[in-house]
Amino acid sequence: MIKNISNLGDAALYCDFGVGVNKETNSEVIKYFWSLKKKEVQGITNLTPSYNKLIISFDLKKTNFKDMKKKIENLVINDTKSELSKKIQIPICCADEFSLDIKRLEEKLSMKRERIYENFFKKEYFCYMTGFIAGMPFLGDLDKTMRVNRLETPRVKVPKGSVGLTEQFVNVYTSESPGGWNIIGNTPLEIFDNSKEESPNLISPGDIVIFEKISLSDYKNFNE
Amino acid sequence: MNRFEIIRAGINTTFQDDGRNHLYHIGIPISGVMDKRNYILANSLVGNKIDKPVIEFAYQGPLIKYKGHKINIVITGDVIFKLIKKESVIEGNCYENYIIEDGDQIDIVSTNKSVYGYLAISAEFDLKSQWGSCSINTKANIGSNNGKKLQNNQKIDILNINSNQVKKKLDYINTRIDRIRVIKGTNFDYFSDEGKKIFFDKEFTVSKLSDRMGMRLEGPKIKNIVDTNIRSEGLIKGVIQIPADGNPIIMLSDHGTIGGYPKIGVIISADYDKLVQLSPGSKIKFQEIELSDAETLFKLYEIETQNLISQFK
């Protein structure tokens, strides 16, 4: 259930589902998201589901905060079947040229790099949401010993394919972008393919991701 | 065949239209023109529907050679440009229609004390749309022209010249504003009382590290007293985030759709066109405003744009 609806600027609703990050709250968000998407409510221009929030953007020429809020409060939510979740394997190279923040991670976690990689690769990760940049998956949860904050000043350019850590989450930069996550490695796999109009995303919310460590030569030969 | 030959592409020249909606959830921003009013005026002045793709440029614009039958062109914004014809060179005025003929060149020298300018033609560019829009997002390589900026020596075909050769113009001067109005953000109380006061009282400077994704500001630091990170959540155009270093970042049309820095405020819709035109080094001050006033100001801004269109001569 939505706990509170407030305005984000003059052209969006900020729907709060709670503070925690867990699959139960996230599933509620996803349920609202799919219901609203199917209903094609007049005036809505975008829906952005995340761990525990849903942002509803609207066209200020057609509607306003008060009317939109009323619509959402009176919305009947259908229990849509979640799509079948897939298991996806993603190769990652952790050579020095890709593991941009390994020194920072060693310092912040007080852990040697071998242990960091071991802890990272032994887990399976759940996809909570996609976004920030096209197709970027937000995966969880990292081992409790592996959690660090974002960089204090985000990078202006993070290379395409970079795999980053922040708090309990892992993500993959599907294209070059500014960003503040701690970069541990790089994947040669195309995570977002914009030539596919229908489903450009390799990973969708609800999927399970397994990372596989590869050598620099495997990385270089990957797309040949 | 009618076409543009791009002799010099300029710094950041792209095709843009109204942008694309309904894709935030997979991480695709709306993109589209940065300054919507100047876009609408450009299309209206050449007799196009207002949502046709145009050429958007930043700072230095393109040098274009035209081949084909006569067409009209219009440039909007605060732009210095020349038309190089067979027998003369014309210093161009923005918001004024010009007829160009086979062999003429359009030299968009630069924007003047602003960032973005627009070139519209009384015809259609031959472009492929992606997810319902031709807007180019160069970071994700989405949109027409393979999602890339225009390149030197590139040729662009031109179709469907509209025959009603209008000769309209508008007397309009882009005014600069350095007071940008803001609605408090969802994390406003993450900041110290002094930080909040600084945000609304002090001057900030637009940083060189600004582009279609975001505008970074420099100046007095805004201190966070709760947490410098939040759970990553949706962003919209105009959100002002403050990362741990205390320097504001404003989300612009090609912004990331999700972010994890606290939101101190959101630029009101009515001020967005003016905001994006502030070039690096410009001073900027924020002013707090209530939601109802922001809604009224947006209506007024829309009416003002319509009034400008009715003033074409």
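Me: Which strands of chain B does strand 13 join, and do they run parallel or antiparallel?
Reply: Start with strand 20 (residues 263-267) of chain B. Strand 13 of chain B is joined to strand 20 by 3 bridges, and the two run antiparallel. Keep in mind that this is a predicted model. Now take strand 21 (residues 283-288) of chain B. Between strand 13 (residues 179-184) and strand 21 there are 4 bridges, and this pair runs parallel.

Me: Where do side chains point in a strand?
Reply: Here is the general idea. Along a regular strand, side chains alternate between the two faces of the sheet.

Me: How is chain B divided into domains?
Reply: A chain can be read in parts. In chain B, domain 1 covers 2-159 and domain 2 covers 180-308. Their C-alpha centres lie 28 Å apart. On the contact between them, domain 1 of chain B puts in 25 residues and domain 2 of chain B puts in 23 residues.

Me: How much area do the two domains of chain B bury between them?
Reply: Domain 1 and domain 2 of chain B bury about 2000 Å² between them. Carbon and sulfur atoms account for 50% of that. Next, ask who contributes. On the side of domain 1 of chain B, the most area is lost by Tyr24(B), Met34(B) and Arg37(B). Together these three make up 37% of what that side buries.

Me: How many salt bridges are there between the domains of chain B?
Reply: Between domain 1 and domain 2 of chain B the count is 3 salt bridges. One to look at is Arg37(B) with Glu304(B), where the closest N and O atoms are 3.1 Å apart. Polar contacts are counted separately. Across this interface, 15 residue pairs are in polar contact.

Me: Which element gives the most to the side of domain 1 of chain B that touches domain 2?
Reply: That is helix 1 (residues 36-45) of chain B, with 5 residues. The side of domain 1 of chain B that touches domain 2 has 12 nonpolar, 7 polar and 6 charged residues.

Me: How many residues of chain A and chain B are in contact?
Reply: The reading steps carry over to two chains. Here 58 residues of chain A are in contact with 49 residues of chain B. The area buried between the chains is about 4200 Å², with 56% of it from carbon and sulfur atoms. Asp10(A), Phe132(A) and Arg150(A) supply 14% of the area that chain A buries against chain B, more than any other three residues.

Me: What polar links are there between chain A and chain B?
Reply: Take the two counts in turn. There is 1 salt bridge between chain A and chain B. Arg231(B) and Glu167(A) meet through their side chains in a salt bridge, 3.0 Å from N to O. Polar contact is found for 19 residue pairs across the interface.

Me: Which elements of chain A give two or more residues to the side that touches chain B?
Reply: Among them are strand 1 (4-7), helix 1 (23-39) and strand 3 (44-49) of chain A. Strand 3 of chain A gives the most, with 6 residues. By class, this side of chain A has 27 nonpolar, 20 polar and 11 charged residues.

Me: Where do the domains of chain A lie, and how many of their residues are in contact?
Reply: Find the bounds, then the contact. Domain 1 of chain A spans 4-83, and domain 2 of chain A spans 87-220. The C-alpha centres of these two domains lie 28 Å apart. In the contact, 8 residues of domain 1 of chain A meet 7 residues of domain 2 of chain A. The two bury about 680 Å² between them, 70% of it on carbon and sulfur atoms. Val21(A), Lys23(A) and Tyr51(A) lose the most area on the side of domain 1 of chain A, together 65% of what that side buries.

Me: How many salt bridges and polar contacts are there between the domains of chain A?
Reply: The salt bridge count between domain 1 and domain 2 of chain A is 0. The count for polar contact is 1 residue pair. Helix 1 of chain A gives the most to the side of domain 1 of chain A that touches domain 2, with 3 residues.

How values were computed
Residues numbered from 1 in each chain as written. Chains lettered and ligands numbered in written order. Predicted model: local features only at pLDDT ≥ 70, side-chain atom pairs only at ≥ 80, totals over all residues. Heavy atoms only, no water. Domains from an automatic or database assignment. Contact = heavy atoms within 4.5 Å. Buried area = accessible area lost by both parts, 1.4 Å probe. Salt bridge = Lys/Arg side-chain N within 4 Å of Asp/Glu carboxyl O. Polar contact = N/O pair within 3.5 Å; in protein donor to acceptor, adjacent residues only side chain to side chain. Nonpolar A, V, L, I, M, F, W, Y, C, P; charged D, E, K, R; others polar. Pairing = 2+ DSSP bridges.
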